[in-house]
Amino acid sequence: MDTCLDGLIKVGRECEGTGNITLEEIGLLLPEIDSFVDGNYKNGRELGEAKIHSAIHQVFQDIHARFNEKYRLNTVIDNEKLGYFNGGCATVENRGSYSGIELEFCSKDSYIDIYVSDVELNLRYSGKSKLYVYNLLTGKKLDEFEFESIEGCATFVEINKTYKAVRQRLHLGFLIDSSEIEFSYETFLKNSGCKSCEKGNMARANKFIHARGVYVKPEIDDSDIDPETGEFLQNAKKIKTNIFGERHTSGMTIHYSCQCNHDDWICQYKNKLIFPILYKAGEEILKYALYTSNCLNSKTTLDAEKLQLRVIEYKENYERLIKPLIDGIKVPFDNTCFHCRDSVTYRTKRP
């Protein structure tokens, strides 16, 4: 799993990573880790990175186990969709250079992400093309997915990705190339009457999501793309100011769900988690040297007893640090993803 702590702890000072903390802080130097390497890893750096990742996972699991009874169900809203194909033969023109669905996700008080399983396309087009996902606040392209469409048949593009909001407003654009795919079968944002949809305004999908059909202003073309980075130039980025509302969704349907992300809540304590993770990673590395590695040398044979004592030391240090940290963590006031309040309250009443 990817977490907020990835890259913050490095194996050695010369290794890649965004942080300055290394395993040297607990007395594990890269040359020593190299001596534990067998055929399962290329070098000590790879071994160390694997055990750091494992330690992060174990720390998160220990915290989740402590607060599991406070968590609500993982999925908040399931099996929802934006865009409904009416099943007829009516067609619409895809205006602009790109068109599709703008999705505004707002969850400032809850630790919720949006998971998109797939996008269904009903297009009057046969051939290969791409579906793009953009952050409409920055213009950054997040993803692109290639698909092959057959006119008259529904095409499903597998996304299977979680888009993180981290308690902030998130604007996503799911867009197809309208210069290439000029017509789609009629598909509307909602399955019921929606006056705002007819005007291209934002419509409420659920508690967290508003959406609309959109198109990007027509003057954007290949000349607006930086040939080196593939990103749109500033005056042509796919951002809110360059996007216009549309009454339909250009043949697009998005299948999604909103899910609680309890890892993001834990991430606010990441500065305090670094040393527990260091000791847990050190414990895992030395256990590997003692019980798994096929590498025979003085470190793993003559010094085996010393390694065992260090395993105990690292384990004790981990437990010494993690217990008060967990005891001091407060559950956030987020009734969507957490049981914040006791179900029973007591009041004292004087006679």
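Is C337 buried or exposed? I looked it up in this predicted model, and C337 counts as buried, at 0% relative accessibility.

**Entry on cysteines.** I searched the whole structure for disulfides and found one. A disulfide is a covalent bond between the sulfur atoms of two cysteines. Here the partners are C260 and C337, with sulfur atoms 2.1 Å apart. I noted that this link joins distant parts of the chain: C260 belongs to strand β17, C337 to the segment after α6, and 77 residues separate them. The angle about the S-S bond is -90°, and the link is left-handed. C260 is buried too, with a relative accessible area of 6%.

Next I checked C258. Its sulfur has its closest cysteine sulfur in C260, but at 9.4 Å, so the gap is too far for a bond. C258 is buried at 0%, whereas C106 is partly exposed at 24%.

**Entry on aromatic rings.** My search of the whole structure gave twelve aromatic pairs. One of them is F67 with W265, edge-to-face, with 5.3 Å between centres and 90° between planes. This pair also bridges distant parts of the chain, from helix α2 to helix α4, 198 residues apart. F67 is buried at 4%, and W265 is buried at 0%.

I then looked at F105 and F208, a tilted pair at 6.4 Å and 50°. They sit 103 residues apart, F105 in strand β6 and F208 in the loop between β14 and β15. Both are buried.

I also saw that ring pairs join F67, Y71, W265 and F338 into a cluster.

**Entry on charges over rings.** R66 lies over the face of F67, 5.0 Å from the ring centre. The charged end of K280 sits over the ring of Y318, at 4.4 Å from its centre.

Conventions: Residues are numbered from 1 along each chain as its sequence is written. This is a predicted model: local features need pLDDT of at least 70, side-chain atom pairs count only at pLDDT 80 or more; totals for chains, interfaces and linings use all residues. Side-chain values use heavy atoms; hydrogens and water are left out. A disulfide is a pair of cysteine sulfur atoms within 2.5 Å. Helices (H or I, at least four residues) and strands (E, at least two) are DSSP runs, numbered from the N terminus. Buried means under 20% relative accessible area, exposed over 50%, partly exposed in between (1.4 Å probe, protein chains only). Rings of Phe, Tyr and Trp (its six-membered ring) pair if their centres lie within 6.5 Å; planes under 30 degrees apart count as stacked, over 60 as edge-to-face and the rest as tilted. A charge sits over a ring if NZ of Lys or CZ of Arg is within 6 Å of the ring centre and within 35 degrees of the ring normal.
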